[in-house]
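Subject: Structure handover

Hello,

Here is the structure I said I would pass on. Please open it next to this message, as the notes below refer to individual residues.

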Amino acid sequence: MTQPVVLTSANSKVSVQVGAGSPVFIAGPCSVESYEQLALTAQTLKELGVDVLRGGTFKARTLHTSFQGLGKKALAILRDVAREYDMIAVSEITSEFDVELYNNHVDVFQIGARNAQNYRLLAEVGQTKKPVILKRGMGETLEELVASVAYLYTAQEREEGCNPRVILCERGIRTFEHAARATLDVCAVPVLKALSDCPVLVDPSHAAGQRNLVSPLASAGIAAGADGLIVEVHPNPPHALSDAAQQLDLEDFTLLHRTVGRIHQALVSEF
Ligand code: PEP
Ligand code: MN
């Protein structure tokens, strides 16, 4: 049985339950680029009732010549915008040396596909006892993903069984198929739900790699029973400094939000 995970903003004004029945949206740009960029995104999200804001800070990029994120400056912007709009701040941590820094700026840690099995990082993040979104590695089995969850709890939590605070996320895996950036494993959703008590999210953006595929994959994830979505949203995607091809503009995200809401309604309504 899925144990809901509670996410709370730093000012405690907003709290969201992931895994309690209604799909939770986590949205925001691939990278935090400026205060204005993030504030504009946050304003639209808030109007839609989306309370959880994502934003990349120290980015894990394949090419060292690619934009690496604004780092500490991005964390400060994320914290300030989340405060201003009463939102819950999420960002991916890429090094165990940054745990204290992130702990001072985010409400929820994200561990990305590239670090999914970096167990030292998982254990250090776990010491903060904050909620964590753990993404599936690009070549990781579902059993391996579920096995990693224990690293995110402290020894005391493992012994005494404290509040659930780990959320899993399917974001596409590597297969021979290259039509999309990755292959979204929709099957992961029911399988993870059977193998663990953690809520399960789907990230359609990194699986798709291109805008036109994001909404269909989001719909598939929710139809398969996902507890929510992580979607990349940017006020001006073609000019984004990272993942420009897959980020949705505010209008397209609004449409996705509506479509997914209807799919969820169809799933829960009585026939
Ligand atoms: C991200 O969400 O910003 C990201 C890099 O995703 P992933 O770790 O799934 O590639
Ligand atoms: Mn991205």
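The notes below cover the two ligands in turn. Please keep in mind that this is a predicted model.

Ligand 1

The space that ligand 1 takes up is the largest pocket. Around ligand 1 are R54, K59, E92, Q110, G112, A113, R114, K135, R171, H206 and E232. By type, this shell has 7 charged, 3 polar and 1 nonpolar residues.

- R171, at 2.7 Å
- K135, at 2.9 Å
- Q110, at 2.9 Å

Ligand 1 exposes 290 Å² when taken alone, and the protein buries 97% of that.

Ligand 2

Ligand 2 is a manganese ion, and its protein donors are C30 through SG, H206 through NE2, E232 through OE and D243 through OD. These donors lie 2.0 to 2.4 Å from the manganese ion. Their spacing in sequence is C-x175-H-x25-E-x10-D. H206 and D243 are 37 residues apart and link distant parts of the chain. H206 is in helix α8 (residues 204-208), whereas D243 is in the loop between β10 (228-232) and α10 (250-268).

Regards

Technical notes
Residues are numbered from 1 along each chain as its sequence is written. Chains are lettered from A and ligands numbered from 1 in the order in which they are written. This is a predicted model: local features need pLDDT of at least 70, side-chain atom pairs count only at pLDDT 80 or more; totals for chains, interfaces and linings use all residues. Side-chain values use heavy atoms; hydrogens and water are left out. A residue is near a molecule or strand if one of its heavy atoms lies within 4 Å of it. A polar contact is a pair of N or O atoms within 3.5 Å; within protein, one must be able to donate a hydrogen and the other to accept it, and residues adjacent in sequence count only if both atoms are side-chain atoms. Accessible areas come from the Shrake-Rupley method with a 1.4 Å probe; for residues, only the protein chains shown count as cover. On a 1 Å grid over the protein atoms alone, a cavity is a set of points where a 1.4 Å probe fits but cannot get out, and a pocket is an open set with protein on both sides within 12 Å along at least five of seven lines; lining residues have an atom within 4 Å of a point. A molecule sits in a cavity or pocket if more than half of its atoms lie within 2 Å of its grid points. Ala, Val, Leu, Ile, Met, Phe, Trp, Tyr, Cys and Pro count as nonpolar, Asp, Glu, Lys and Arg as charged, and the others, Gly among them, as polar. Donors are N, O and S atoms within 2.8 Å of the metal (3.2 Å for Na, K and Ca); water is not among the atoms, so sites may look incomplete. Helices (H or I, at least four residues) and strands (E, at least two) are DSSP runs, numbered from the N terminus.
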